[in-house]
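Subject: Structure handover

Hello,

Here is the structure for your files. My notes on it come directly after.

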Amino acid sequence: MEREWTPLSARPEGYRSVVVLTGAGVSAASGLPTYRGPGGLWTADPELARSLVAGASLERMWSALGPLRAALAEVRPNAAHRALADFEARHVAAGGRFCLITQNVDGLHQAAGSKNVVEYHGSLLRSRCLGACGVIDDRAVHAKPPACPGCGGPMRPDVVLFEETIGVRQERAAKRALDECDLFVAIGTSGMVWPAASFVRGAEYAGAYTIYANLTGLGGEHPYAETILGPAEEVVPRLFGA
Ligand SMILES: [Zn+2]
């Protein structure tokens, strides 16, 4: 059942500090498959998910994630990515604060022009030296583990695998943004599993208004003040539009 909802620009609240969390649903219209649910990567290939857990060998990581890099070379930002980048530019120019936390590792928010992006699960467009050299931009589809151009040691994709810990910097940036937000919007992600579930509680604790936008609703008890149903590429431009 579709309910009426109001674009942010037509709401009287005048939110100053906005935090948006995005998941795979935002990139679906760009042609990237989601992970869970019907047609999802993990659903179609449970072995892929199993290979991407903490402690996986570098060979497994690269054989599972390498092909995804090839897919990323083909995709472009969609209307949802563009609307969020436009909103950030307008909102910040007007003196507001904006933080985009994304679970996606596809780099499409930055490609659309988003500036303050916390890549909560890292980026598939970077590789990380297992020594001390840090991360480098790397879009190459490596068939086997590549050598670090700095030290010659092994590198891994700069993404967070299942059961791995979120980067300290990302964790801190997300928490700081949530602590001060007055509007929190989760888009295209599973609203009641981690991290959305803990983010919405954090936002609620900060006194923020909370919106959940996704293809399917949550059903039952949940902490979001408002639910908007629909595909991200339609909902986001209308919700965040000028
Ligand atoms: Zn190195």
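This is a predicted model: local features need pLDDT of at least 70, side-chain atom pairs count only at pLDDT 80 or more; totals for chains, interfaces and linings use all residues.

Residues are numbered from 1 along each chain as its sequence is written, and side-chain values use heavy atoms, with hydrogens and water left out.

Metal site

The SG atoms of C129, C133, C148 and C151 coordinate the zinc ion at 2.3 to 2.4 Å. Donors here are N, O and S atoms within 2.8 Å of the metal (3.2 Å for Na, K and Ca), and since water is not among the atoms, sites may look incomplete. The zinc site is tetrahedral, with angles of 104 to 113° among the four donor atoms; for four donors that label requires all angles to lie between 85 and 135 degrees. The ideal value for four tetrahedral donors is 109.5 degrees. Along the sequence, the donor residues follow the spacing C-x3-C-x14-C-x2-C. C133 sits in the loop between β4 (122-129) and β5 (135-137), and C148 in the loop between β5 and β6 (155-159), so this pair ties together parts that are 15 residues apart in sequence. Helices (H or I, at least four residues) and strands (E, at least two) are DSSP runs, numbered from the N terminus. C133 is partly exposed, at 38% relative accessible area, whereas C148 is buried, at 6%. Buried means under 20%, exposed over 50%, and partly exposed in between, with a 1.4 Å probe and protein chains only.

Second largest pocket

The second largest pocket holds about 380 Å³ of space. Of its 19 lining residues, R126, D158, G167, R169 and Q170 are the closest to the centre. A pocket is an open set of points on a 1 Å grid over the protein atoms alone, where a 1.4 Å probe fits and protein lies on both sides within 12 Å along at least five of seven lines; lining residues have an atom within 4 Å of a point. The volume is the space filled by probe spheres set on the points, which are joined across faces, edges and corners. At least two lining residues come from each of β3 (117-119), β4, β6 and α7. The lining divides into seven nonpolar, five polar and seven charged residues. Ala, Val, Leu, Ile, Met, Phe, Trp, Tyr, Cys and Pro count as nonpolar, Asp, Glu, Lys and Arg as charged, and the others, Gly among them, as polar.

Single residues

R156 is in strand β6 and is buried, with a relative accessible area of 7%. Not counting residues up to four places away in sequence, R156 touches L58, M61, W62, S127, R128, L130, L161 and E164, where contact means heavy atoms within 4.5 Å.

G107 lies in the loop between β2 (97-102) and α6 (108-112) and is buried at 12%.

D182, in the loop between α7 (168-179) and β7 (183-187), is partly exposed at 25%.

Two backbone points remain. W194 and P195 are joined by a cis peptide bond, with omega about 5°. E163 has a positive phi, near 70°, and is a residue other than glycine; E163 lies in the loop between β6 and α7 and is exposed at 70%.

Regards

Definitions and conventions:
Four donors count as tetrahedral if all angles lie between 85 and 135 degrees; four count as square planar and six as octahedral if opposite donors are over 155 degrees apart and all others between 65 and 115; anything else is irregular.
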